Amino acid sequence: MTIPMFHGTRRLLAISTALLATAATAQTAAPAAAPVLESETAYTHKLPAPQPHWAFIRGAFDSGGTRIFDGDTGKMKGMIDTSKWSDMALDPTNSFYYVSETIWTKTIRGTRQDMVSIYDTVDLKLQAEVPMPGRLLIGERKNNFVISDDGKTGYVYNLSPASSVNVIDLGKRKFVQTVDLAGCASLMPNPAGGFSALCGDGTLATALINGKSATITHSAPFFSATNDPIFDNFVYDRGKRQATFLSYTGLITQATIGATPVIGDSWSIQAAAGVRPGDTKPLDVNWLPSGRQPLALHRASGHLYVLMHMGEYWTQKAPATEVWDVDLAARKVVKRYPLKKPVEHIEVTQDAKPLIFVNGENTTWVFDAKTFEQKFEMERAGGGLLDTVVGR
């Protein structure tokens, strides 16, 4: 029987025949040459010495890693291995990054190990680990781990349960001793040979170390820890040997640090801006300092940059909506800068053309410190503590 074929059917048969012929030809042709794969070569990028416009940005609260960003380009340069709850300190000679940290043999359980880890600044490689008896497990504090002005000694705050400080010889890379410091915390190096700390009774303690012994003295009280506490993330100027403190109501106090610290009088940042001073009255809304890291000092010019917000007393952890530029010598707020988004941390570089870094919610902004012109907005750059290169 003959099956009739329509025009479309003939075309399909022709195409099928052509495809079969092509496939047969391909099977008999010589195979194509295999691609040449180049082997990968591992390498380590070398960093220059820490630069004046670099910022060291911690991850958000309870997350690890300190990212190094270049304020001139807005680009990330590298990352220092800082685990959550660790504290980082910068070497005044810019040779090392120091990390005071705690780890366990089974992540969050097992044998606990407390140490100061030392990283090179060029390739960020671990250079040494210095074991020590213990340290305080808490984040978001700049002054739990500080370095002496000459870069030779580290002081690590501990609470177990009494307050104490571990003394680390960074040159010999060994633990030296623990100094008991009842009722005190928030450290600063003391150029007379030891450290000073804020205390719950409103005094400033000074521990001068001579060999294995330490002599501890206290200043007269200059603030109230119950009625108007001081922010523990204060600033310390190595060159002037001077600490600048800020209270929850907005009082600024400066102290010259030495064997016998000299504490100056306190004055209101709000009055310096021409507004009503802060107070502790309930439901009284006013301009008040706030944030986790609320102040940054440009040491050469003596300008203090303070995070401010409108709120009641005890709202000191609220994100800030303005930055106030304070001339400390004149005791005057010379500029006020509104922020597009609330922030919690602030830091400033220490060169002649300083940059301001502020951050919150895992985003960091870079501004010109003199004009407050925005340079960069860096998303996912970290939302924690900020550091910049200080030097000696």
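This report walks through a predicted model, from one of its sheets to its disulfide, its backbone exceptions and its nonpolar cores.

## About the model

Because the model is predicted, local features need pLDDT of at least 70 and side-chain atom pairs count only at pLDDT 80 or more, while totals for chains, interfaces and linings use all residues. Residues are numbered from 1 along each chain as its sequence is written, and side-chain values use heavy atoms, with hydrogens and water left out.

## A four-stranded sheet

Let's start with an open sheet of 4 strands, ordered β3-β2-β1-β30 and paired antiparallel. Strands here are DSSP runs of E with at least two residues, helices are runs of H or I with at least four residues, and both are numbered from the N terminus. Two strands pair if DSSP finds at least two bridges between them. The edges are β3 and β30 (386-388), each of which pairs on one side only. From one strand to the next, the twist averages 25 degrees (axes are lines fitted to C-alpha atoms, for helices over the stretch in contact, and angles run from 0 to 180 degrees between N-to-C directions).

Now for the individual pairings. Strand β1 (residues 54-58) and β2 are antiparallel over 5 bridges, and Phe56 sits opposite Ile68 in β2. On its way to β30, β1 is again antiparallel, this time over 3 bridges, with Ala55 partnered by Thr388. Strand β3 (residues 75-80) runs antiparallel to β2 and is joined to it by 5 bridges; Met76 of β3 is the bridge partner of Phe69. The hairpin of β2 and β3 has 4 residues between the strands, and Gly74 there takes a positive phi near 75 degrees.

Is β2 buried or exposed? Strand β2 (residues 66-70) is mostly covered, with 5 of its 5 residues buried. Buried means under 20% relative accessible area, exposed means over 50%, and partly exposed lies in between (1.4 Å probe, protein chains only). Thr66, Ile68 and Asp70 point one way from the strand, Arg67 and Phe69 point the other way, and all are buried.

## The disulfide

The structure holds 1 disulfide, a term used here for a pair of cysteine sulfur atoms within 2.5 Å. Cys184 is joined to Cys199, with 2.0 Å from S to S. The two cysteines are 15 residues apart and link distant parts of the chain: Cys184 lies in strand β12 (residues 184-190) and Cys199 in strand β13 (residues 194-199). Since the torsion about their S-S bond is about 95 degrees, the disulfide is right-handed. Both Cys184 and Cys199 are buried.

## Backbone exceptions

Most residues other than glycine have a negative phi, and most peptide bonds are trans. Against that background, a few places are worth a look. A cis peptide bond joins Ser160 and Pro161, with omega about -10 degrees; Pro161 lies in the loop between β9 (153-159) and β10 (163-169).

Arg241 is not a glycine, yet has a positive phi of about 55 degrees. Arg241 is in the loop between β16 (235-237) and β17 (242-246), and its relative accessible area of 43% makes it partly exposed. Trp314 also has a positive phi, near 75 degrees, and is found in the loop between β23 (303-311) and β24 (320-327).

## Thr364 and its surroundings

Thr364 lies in strand β28 (residues 363-368) and, at 0% relative accessibility, counts as buried. A polar atom of the Thr364 side chain lies 3.3 Å from the backbone oxygen of Gly382. Leaving aside neighbours within four places in sequence, the contacts of Thr364 (heavy atoms within 4.5 Å) include Ile57, Phe357, Phe376, Met378 and Gly382.

## Nonpolar cores

A nonpolar core is a set of buried Ala, Val, Leu, Ile, Met, Phe, Trp, Tyr and Cys residues joined through side-chain atoms within 4.5 Å. The largest has 19 residues, of which Ile252, Ile269, Leu304, Val306, Val326 and Leu328 touch the most other members. At least two residues of this core come from each of α2 (269-272), β22 (295-298), β23 and β24, and β23 gives the most, with 3 residues.

Leaving aside neighbours within four places in sequence, Val306 is in contact with residues including Leu246, Ile269, Pro289, Leu295, Trp324 and Val326. A second, separate core of 16 residues includes Ala296, Leu307, Tyr337 and Trp365.

Technical notes. Polar contact = N/O pair within 3.5 Å; in protein donor to acceptor, adjacent residues only side chain to side chain.
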